[in-house]
Amino acid sequence: MQPRNMSMSGVVDLAAVKAAQEAKAKAEQARAEAARQGGGAGAVSPADLVIDVDEAGFERDVLQRSAEVPVVIDFWAEWCQPCKQLSPVLERLAVEYNGRFLLAKIDVDANQMLMQQFGVQGIPAVFAVVAGQALPLFQGAAGEAQIRETLDQLVTVAEQRFGLTGLVVDPDAEPGGAQAAPAVPAGPYDALLEAAVQALDAGDLGGAVQAYKNVLSEDPTNSEAKLGLAQAELLQRVQGADPQQVRKDAAEKPGDAQAQIAAADLDLVGGHVEDAFGRLIETVRRTVGDDRDTVRLRLLELFEVVGAEDPRVAAARRALARALF
């Protein structure tokens with residue numbers, strides 16, 4: 001099988017150079033600060049950079065981890081001879097890149113559902129998940145130079161677009177030690193989260209949004225606050241909207257990013273999840289530049305509202321990846 005290289009250009013908006021440079025600088029600063037402090041409980045050993053993943057642990061080990069580091073997925077099988085050539089290269093590069101990405105190995109014979117969800121047609125096949133978004137990288141045996149080029153692009157996208165700092169690697173850390181540490185600080189945000197819920201119940205959407213943002217300013221990975229903020233902002237956006245006018249605008253302006261975004265918000269609030277996702281994916285195909293990126297980011301926000309475990313989100317992520325490439 002011939003390798004099929006997948007360009008990363010679809011996720012990089014070159015017009016946003018200033019914002020990208022700022023995000024990258026912040027990512028590098030955070031990473032350097034974590035390394036200066038010696039890693040601590042959050043550091044991983046080199047052995048933790050390559051993990052075996054199954055269907056039961058996919059959300060925890062891939063989707064959740066992709067919020068802090070790009071996760072490269074190697075679909076392989078014991079009987080696959082090209083896999084035996086490719087996998088060792090990926091494993092070596094995972095250690096060499098020193099925490100810039102995490103390598104997740106998935107045995108397709110034991111995890112048929114994951115293979116189907118990613119639309120894998122043959123192996124070896126290599127994908128990446130960045131901030132919950134699935135991206136195809138290449139399929140078939142590939143040379144090391146091509147692999148390095150693709151990984152470099154992936155790391156750049158993760159830093160510039162999502163500000164991911166990667167993992168801090170400590171050669172002296174015990175394997176598996178970082179996974180034993182609590183992912184979210186216990187206790188201090190309970191009052192703020194409760195205040196946000198009370199604000200939602202009272203119809204104070206602005207107050208709820210601010211309360212969730214207060215949590216995330218201190219703990220950017222707090223999953224409860226991320227979900228709550230996405231839901232509150234969605235409700236805030238549709239509050240006061242004229243549904244008939246929104247639908248009319250969307251029908252008359254199929255290429256208008258803002259018109260389609262407004263209609264997708266209404267779709268989702270009305271329970272039409274697949275319609276909302278499909279509308280924005282089609283708009284991604286029709287638009288370019290800033291408009292395309294705006295639509296893509298709104299779609300990622302709607303994924304947050306529905307939840308990563310929903311199969312409709314998984315299907316939409318695959319469709320989005322196809323639209324981008």
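**Figure 1. Overview of the predicted protein chain.** The structure is a predicted model, in which local features need pLDDT of at least 70 and side-chain atom pairs count only at pLDDT 80 or more, while totals for chains, interfaces and linings use all residues. Residues are numbered from 1 along each chain as its sequence is written, and side-chain values use heavy atoms, with hydrogens and water left out. The protein chain has 14 helices and 5 strands, where helices (H or I, at least four residues) and strands (E, at least two) are DSSP runs numbered from the N terminus. Of the 325 residues in the protein chain, 46% are buried; buried means under 20% relative accessible area, exposed over 50%, and partly exposed in between, with a 1.4 Å probe and protein chains only. The accessible surface of the protein chain comes to about 15700 Å², and 51% of this surface belongs to carbon and sulfur atoms (areas by the Shrake-Rupley method with a 1.4 Å probe, only the protein chains shown counting as cover for residues). Among contacts between residues at least 6 apart in sequence, 73% join residues at least 24 apart, a contact being heavy atoms within 4.5 Å.

Figure 2. A search of the whole structure finds 2 cavities of 30 Å³ or more. On a 1 Å grid over the protein atoms alone, a cavity is a set of points where a 1.4 Å probe fits but cannot get out, a pocket is an open set with protein on both sides within 12 Å along at least five of seven lines, and lining residues have an atom within 4 Å of a point. Grid points are joined across faces, edges and corners, and a volume is the space filled by probe spheres set on the points. The largest cavity is lined by P70, R100, V155, A158, E159, L164, T165 and G166. By class, this lining holds 4 nonpolar, 2 polar and 2 charged residues (Ala, Val, Leu, Ile, Met, Phe, Trp, Tyr, Cys and Pro count as nonpolar, Asp, Glu, Lys and Arg as charged, and the others, Gly among them, as polar).

**Figure 3. The second largest pocket.** About 320 Å³ of space lies in the second largest pocket. Its lining comprises 20 residues, of which F58, L63, Q117, A308 and A314 are the closest to the centre of the pocket. At least two lining residues come from each of α2 (58-64), α4 (112-117), β5 (133-139) and α14 (311-324), and α14 gives the most, with 5 residues. The lining of the second largest pocket is made up of 11 nonpolar, 3 polar and 6 charged residues.

**Figure 4. The disulfide of C80 and C83.** The search of the whole structure finds 1 disulfide, the term standing for a pair of cysteine sulfur atoms within 2.5 Å. C80 and C83 form this link, with their sulfur atoms 2.4 Å apart, and the link is right-handed, with 80 degrees about the S-S bond. Both C80 and C83 are buried.

**Figure 5. L300 and E301 in helix α13.** L300 has its place in helix α13, and E301 is found in this helix, which spans residues 289-306. L300 counts as buried because its relative accessible area is 13%, whereas E301 counts as partly exposed because its relative accessibility is 31%. Leaving aside residues up to four places away in sequence, L300 touches Q133, F162, R317 and L320, and E301 touches A230 and R237. From C-alpha to C-alpha, E301 and A230 are 6.3 Å apart in space, although 71 residues separate them in sequence.

Figure 6. A cis peptide bond, with omega of about 0 degrees, joins I123 and P124, and P124 lies in the loop between α4 and β4 (125-130). N98, in the loop between α3 (81-96) and β3 (102-107), has a positive phi of about 55 degrees although it is not a glycine, and with a relative accessible area of 38% N98 is partly exposed. A131, found in the loop between β4 and β5, has a positive phi of about 50 degrees and is not a glycine; at 31% relative accessibility, A131 counts as partly exposed. A131 lies 169 residues from L300 in sequence, and their C-alpha atoms are 9.0 Å apart in space.
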